[in-house]
Amino acid sequence: MAKYKKSTRKIGILTAGGDCPGINAAIRAVGKTAITEYGMEVFGISSGFLGLIEKDYSRLEESQLSGILTFGGTILGTSREKPYKKDNSGEGKPDKPKLIKRHYQEMELDGLVCIGGNGTMRTAALLAEEGLNVIGLPKTIDNDVWGTDVTFGFDSAVWIATDAIDRLHTTANSHKRIMVIELMGHHAGWLSLFSGIAGGGDVILIPEIPFKEEIVARYLLKRAKNKKPYSIVVVAEGIPKPKGISAAHYISQSIQKYTGLETRETILGYIQRGGSPSPMDRILATRYGAHAVELIASNQFGLMVASRNGKITSFPLNEAGNKLKTVPTDFPLIDKARKMGISFGDK
Ligand code: F6P
């Protein structure tokens, strides 16, 4: 058995917010680097910040980290617990951040790795201000975390969504139909933009580009008139739409109303969040996780790990604030798509 360098350092890992493929790869990278390279003790905290509030955690041995690289989801579980969110029934309830700080101290942690999206990074930044040694790792299928070029989970979701769009082409062609597919992404259009292009979408509607129903209809009628047997419309869940209906239903109803063309809708939903991570997500999660431990080992805290121009770096968590990374309207891929005749419903 390899003798690890002994260190008195103890680090905790938690996973919070929506799950995605690659989280276990990140947990594995943090754990293996900490244990193997630095001889640290590693603790897995259950269900995101809830686990810190309830002091629900357990020691992670190196053996428990083997075999999880390819597992989707998170072995620690997750929650959308927001410790700083004021709820009106707060009277008399113990202050959650105070509980977290106390349990962090009772666990004698020297560092805490928080794996999550925007909300998690905001909570991590606030805990860092309270003196906890925190490192944030950005994950989400939405790729909307400010400050990093890409989050792990995104590449896997693009693969899943692209496969789904590929499948829609064959059935749309058989029936000469318009196929509308709604993808996740929260308030950002990254997943729909990338998957729409990868999947050969004809129309791509994202929150960042205001569209007009009539323009979409006119584009689809023109395709039909030019003997295009079918069309694929990729819609981000976050586009402006009437209350109470899905983006997919809104757009498919609109297309049928304005064009009379036979239209069907698919909401891909949580499939995009499931299953084994893509190789690139495994690599990105591994790079992020290892870098987090190197920061801890060199006593650097209050940072979010990020990838910028292909390099792994980090920056102060409080720099992100409430900023969301949405698709810039001058993003080069949009211009390339337009030049190929893809419509964004705006002209
Ligand atoms: O943030 C990831 C995400 O899948 C979004 O794309 C989606 O809008 C949201 O989570 C769904 O949230 P929940 O998992 O709480 O239903």
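This is a predicted model: local features need pLDDT of at least 70, side-chain atom pairs count only at pLDDT 80 or more; totals for chains, interfaces and linings use all residues.

Reply: Residues are numbered from 1 along each chain as its sequence is written, and side-chain values use heavy atoms, with hydrogens and water left out.

Thr 148 belongs to the loop that runs between strand E5 (134-138) and helix H5 (154-175). Helices (H or I, at least four residues) and strands (E, at least two) are DSSP runs, numbered from the N terminus. Thr 148 counts as buried because its relative accessibility is 2%; buried means under 20% relative accessible area, exposed over 50%, and partly exposed in between, with a 1.4 Å probe and protein chains only.

Apart from neighbours within four places in sequence, Thr 148 is in contact with Pro 138, Tyr 288, Met 304, Ala 306, Ser 307 and Lys 325, where contact means heavy atoms within 4.5 Å. With Tyr 288, the side chain of Thr 148 makes a polar contact of 2.9 Å. A polar contact is a pair of N or O atoms within 3.5 Å; within protein, one must be able to donate a hydrogen and the other to accept it, and residues adjacent in sequence count only if both atoms are side-chain atoms. A polar atom of the Thr 148 side chain also lies 2.9 Å from the backbone nitrogen of Ser 307.

Now the ligand. The residues around the ligand include Arg 80, Asp 142, His 186, Glu 237 and Tyr 270; each has a heavy atom within 4 Å of the ligand. Polar side-chain atoms come to 2.7 Å from a ligand oxygen atom in Arg 80 and to 2.7 Å in Asp 142. For Tyr 270, an N or O atom of the side chain is 2.5 Å from an oxygen atom of the ligand. Taken alone, the ligand exposes 400 Å², and the protein buries 74% of that (Shrake-Rupley method, 1.4 Å probe).

Two other loop residues deserve a note on phi. Most residues other than glycine have a negative phi. Lys 55, however, has a positive phi near 55°, and its place is the loop between helix H2 (49-53) and strand E3 (57-59). Asn 309 has a positive phi of about 50°, and lies in the loop between strand E10 (303-308) and strand E11 (311-316). Lys 55 is partly exposed, because its relative accessible area is 33%, whereas Asn 309 counts as exposed at 74%.
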